[in-house]
Amino acid sequence: MKISRVLLYPALIFFLIFFLLPVYVVLVTSLKPLGDISLETMWSLPKAFDFVNYSLAWEKLGPSVINSFQLVIPASVIAAFLGSMNGFVLAKWKFPGADIVFPVILFGMFIPYQSILIPLVTTMRELGIYGGIPGLILVHVIYGLPIMTLIFRNYYASVPTELIEAARVDGAGMLGTYFRVVLPISIPAFIVAIIWEFTSIWNDFLFAVVLTGPSSWPVTVALNNIAGSQIVQWNVQMAGALIASLPTVLVYIILGRYFLRGLMSGALKG
Amino acid sequence: MKRAKDWMPGLLLTAPSLIALAVFVYGFIGWNFRISLTDWKALSPDFNFIGLKNYRDLLIDERFKIDIKNSLVFTIVFMIACLLLGLLLAILLDQKMKFEGLFRSVYLLPMAISFIVTGVVWRWLMNPATDDRISGLNLLFTKVGLDGLVNQWHLTPNWGMAGIALPAVWQMAGYTMALFLAGIRSIPEELREAARVDGASEFRIYRHVILPQLRPIALSAVVILGHISLKVFDLIIAIAGKQLALDVPAIYMWQTSFDAYNFGKGATLATYILFSVAIVIIPYLIFTMRQERRS
């Protein structure tokens, strides 16, 4: 006996509509011509498709989309690489106290970033990297280290220790073992880690809004600014929302399986 | 006992990360606490130590009282709704049906989107205007004959934070579902079979076999959702901007520090937020690590 199909499918479809309702509104609103924004028809399909909202939104968001890419790609690759080395050491080349150091590292991924924000801004001003993308890359790499280390440590924990031992017996040092034995089998973990980091840095707002200026705004900050202003029409705002979420949504659609694995490790479950 | 020659390279390789985290996480937390003991109120670092005065002031601060209440309302509504909806969706998806992958992917889709995008879109959906300016979900309700559901959303007096929780649930329910679904799937089929052979109804199997097994997952979900809701910030900014009725400690801290440059008070608020998250997270970390060592 299972839940009756007569109830099951309507329930599943009801929730499908609940989750897709905002997506529907974004699409129909952003495709309507600018004149066609009467509130009365906001739920109806557009009579004609018009991409003018997208070009208007791109005028406002384009530079910040490019900023976001310049931020996200180096930050996620560097963070993943460092996380991989840390994860390898904490799983397979432990130093005394490594098992105590690990939760101490992990705490860093749960802290509310407000609690380090004032010292962070002060330090970055002192170092002369406040207000630009390179500084923001550094910040995301550092605060991304705990989750990156976690993902790789969990992954390497399942690698047979014999593999590491065999390399050691062959006279390989730690770096030799890492580069010749461990790194080549790490590709799935790198995909999971980079997708996670890509998504969370792309979607970050707090660091971005505090640490960048108008010329280096990532897309979340730029989108929030046009949303806050009264002069930008809803059609353009919705087009902007779609532009701002397209890269991470595409990654999700294409590589959803790996995305899910990252989500799971975020809850500390291996 | 291993020799230093063996483990030293490992320590050296991780040293840059460990030092960076020691400084940027623990060093900065300590530094922030030190700032919270001062009356620093300008861009230039010019301040005196005033002990715990900022903390005492916060206890009688009217805006902070509103923030605590808002934060609690949001946390309670958000967590209960996410847990119930997440569990329900997981049970529905556990029924072995066609298009399971499609349903699951759609339910989880909001996790790929930023709180800012979610906020911008829901701000449009939760338009509180009425009568001839009616729009968004309220308009949809009147069109399908559910006029009774028309409401003020996040501008409802006293319960605005519950309105803010709705888009947050939309965003995180799929994640909660994924956690529960992974838990349900890890329960051996024999356990259910045995219950079925004993003549237990499907409802009783969920109630007495599956739900008890999901307790550790539910704990993870509570901790993860709880610490997210205590930090909620960008979602509110994107939906409502900065308005007192929807204020939370994270926004208060931000405005105090970076709009008003009252760093002493901002650091005090930051310490409070950290404390509220730490009492949830630290026991969880210790618990998880112990469990890992046992297995």
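Where is the kink in H7(B) centred? The kink is centred on B:Val169 and comes to about 40°. The bend at a residue is the angle between axes fitted to the seven residues ending there and the seven starting there. This is a predicted model: local features need pLDDT of at least 70, side-chain atom pairs count only at pLDDT 80 or more, and totals for chains, interfaces and linings use all residues. Residues are numbered from 1 along each chain as its sequence is written, chains are lettered from A and ligands numbered from 1 in the order in which they are written, and side-chain values use heavy atoms, with hydrogens and water left out.

**Helix H7(B)**
- Of the 26 residues in H7(B), 22 are buried. Buried means under 20% relative accessible area, exposed over 50%, partly exposed in between (1.4 Å probe, protein chains only).

**Largest cavity**
- The structure holds two cavities of 30 Å³ or more. On a 1 Å grid over the protein atoms alone, a cavity is a set of points where a 1.4 Å probe fits but cannot get out; lining residues have an atom within 4 Å of a point.
- The largest cavity holds about 1100 Å³. Grid points are joined across faces, edges and corners, and a volume is the space filled by probe spheres set on the points.
- Its lining has 38 residues; A:Tyr113, A:Trp196, A:Ser200, B:Phe115 and B:Lys231 lie nearest the centre.
- H8(A) gives the most to this lining, with six residues. H7(B) is among the helices that supply at least two.
- The lining has 24 nonpolar, 10 polar and four charged residues. Ala, Val, Leu, Ile, Met, Phe, Trp, Tyr, Cys and Pro count as nonpolar, Asp, Glu, Lys and Arg as charged, the others, Gly among them, as polar.

**Second largest cavity**
- About 30 Å³ of space lies here.
- B:Phe74, B:Phe78, B:Phe115, B:Ala168, B:Ile228, B:Val232 and B:Leu235 line it.
- That lining is seven nonpolar residues, with no polar and no charged ones.

**Positive phi**
- B:Phe99 has a phi of about 60° although it is not a glycine. B:Phe99 lies in the loop between H3 and H4 of chain B, and is exposed at 58% relative accessibility.
- B:Tyr261, also not a glycine, has a phi of about 55°. B:Tyr261 lies in the loop between H12 and H13 of chain B, and is partly exposed at 35%.

How values were computed:
On a 1 Å grid over the protein atoms alone, a cavity is a set of points where a 1.4 Å probe fits but cannot get out, and a pocket is an open set with protein on both sides within 12 Å along at least five of seven lines; lining residues have an atom within 4 Å of a point. Helices (H or I, at least four residues) and strands (E, at least two) are DSSP runs, numbered from the N terminus.
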